Amino acid sequence: MRESFPRTKTVIVARLLVVVVIVLTALIGGSDVGRFAIVILGVIAAALTVVYLLWHASGGRPRLLMLVQCAVDVIFITLLAYFSGGLGSPFKLLYFLPVIVAAGWLGLGAGLAAAGGAVAGHIVLTLTGPSSWSYLMESGAVAEIATLFISLLLVALLEGHLARKAGESEDKLTVTRSELDTAELRIADILDGISSGLVLVDSEGTVAYLNRAGEAILGVPGEGARGRDYRLGFADVPAFCERIAAALDAGRPEVRAEFFVKRRGGGSTPVGLSTSILRSVEGEDRGVIAIFQDLTEARHMEERLRHDDRLSALGEFAAGVAHEIRNPLYAIKGSIDLLKETIEPRGDEVRLIELVSREADRLNTLLQDVLQYGRMESSDRESVRLDALVREVAEIARQHPAMVPTTDLVVEVTDEVEGMVNAEQIRRALLNLTINALEAIEGEGRVRLSVVPESGFAARGLAGGSGCGVALIVEDTGHGIPADGKDEVFQPFRTTKKGGTGLGLAIVDKTVQAHGGRIAVVSEPGKGSRFIMYLPG
């Protein structure tokens, strides 16, 4: 059944209207006997219309329904012509209707069958009329029947051909529409999948498209902007409207522009924008395409790069200074130790010598940290059993003075885990974090060391990322880190620990970065901290 033709219900209702017109025509100008018979036929046709509608509503086979209607129509037209003048009835022209419907709806075969039925009905009218046989022998009657048959045949052929062409066109249109819908969906998916915002404004200033990233960056729902004037849709982002207006009114695209989008909760987001003029093949301006990005992460990256450059320069400078200080410091330390052995200090002399020796040792430790920070490298990587390395660090930490009986040091390693690292550098970094965790605990507490392969990140709630194949975790139940201090814990020479150099966590951070990984910290004051070293697997 082809959707290009009227629906079955429409054909049924149209047939009822034709019956009404025929009955009214008969009432106006037919004989009394013919008028009565035609009214009866009209009532029967109306009753059959109800039957057809019930058949259609029940979900019966529509093709069979149409076949039955066309066959009944041929019979009704024959009876109608019989009671309205026989061969002279004007209603004989109605034979063309079932032929057209059958050929157009059901195909050429059904149309030819309806034409044959119409010719048969005409022959019945000829034979049932007065002097039928003598009339049939007249040359004019045969010619009339032949003419009717040829006319109906031509109508069936023409309508069937047109129906077939229309069906083919409808099929092609359906395929084209399906392909177009698929293409539109793919384009929409692609545009919604990109991280940059995209807005299309037509030449009238109406927002034709806004992708999902654009909604998030501008803080504007797509439903509230699409189909509206851009000045209304983006009323909360006046800087964006100004650049759209410049491109629309002056036809002047912008290669790069920056503005800020104010957030309702406070603060603002830097946005980079580029606009292009959308032109037709004939060169006529059709609108503006705006592509924009949230620059927050880029700004953070730039700041981090500048910060790293400053730290690198500082590290090189500090390493140079430390190297120059180290030799005199060795001389001072050696002289004090020799002086202590060759003379017999008394009273305050003992305290002063010990003070100089102790401070020389502390200064030497600081210089070692500075030198290590300044020449941090990630060379000599090899496949290392990280689970064994963690157990080794735990044994060393248990001998440290910060390890007290009220502190529990736990190692959580279930499988063998390997990583491509510099074993000595990672050992020092992990030991540094472990000692810091022990020192952060006051009274009873626990420190836990863990090794988590990438396959276990999801279960532990770890973010991971590119190049992160394994995580080394140090957790403690200590005093935690203040919220305003978490961003500075890896800054060099920043420390809250008495006697600390402020380089321990900075060296850990630089070590992890040198391995192509990253370090994260989660902490809550009063509840402890968790340091996570993400390293290549």
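Start by selecting strands E3 and E4, which run antiparallel and are joined by six bridges. The model on screen is a predicted one.

Next, show the side chains of E3, residues 257-262. They alternate along the strand. Ala 257, Phe 259 and Val 261 point to one face and are buried.

Val 271 is the bridge partner of Phe 259 in E4.

Now move along E4, which covers residues 268-279, and select Thr 275. Is Thr 275 buried or exposed? Its relative accessible area is 3%, so Thr 275 counts as buried, the cut-off being under 20%. To see what is around Thr 275, leave aside residues up to four places away in sequence; Thr 275 then touches Ala 247, Arg 252, Pro 253, Glu 254, Val 288, Ile 289 and Ala 290.

Select Leu 108, Leu 112, Phe 149, Ile 150, Leu 154 and Leu 157, which make a nonpolar surface patch of about 500 Å². Two elements give two or more residues each to this patch: helix H5 (108-128) and helix H7 (139-193). Which of them gives the largest share? H7 does, with four residues.

For the last stop, pick Leu 157, a patch residue that sits in helix H7. Leu 157 has a relative accessibility of 38% and therefore counts as partly exposed, a class that lies between the 20% and 50% limits.

Note on methods
Residues are numbered from 1 along each chain as its sequence is written. This is a predicted model: local features need pLDDT of at least 70, side-chain atom pairs count only at pLDDT 80 or more; totals for chains, interfaces and linings use all residues. Side-chain values use heavy atoms; hydrogens and water are left out. Buried means under 20% relative accessible area, exposed over 50%, partly exposed in between (1.4 Å probe, protein chains only). Contact means heavy atoms within 4.5 Å. Patches are made of residues with over 30% relative accessible area and no salt bridge: like charges are joined within 9 Å, nonpolar side chains (Val, Leu, Ile, Met, Phe, Trp, Tyr) within 5 Å. Accessible areas come from the Shrake-Rupley method with a 1.4 Å probe; for residues, only the protein chains shown count as cover. A salt bridge is a side-chain nitrogen of Lys or Arg within 4 Å of a carboxyl oxygen of Asp or Glu. Two strands pair if DSSP finds at least two bridges between them.
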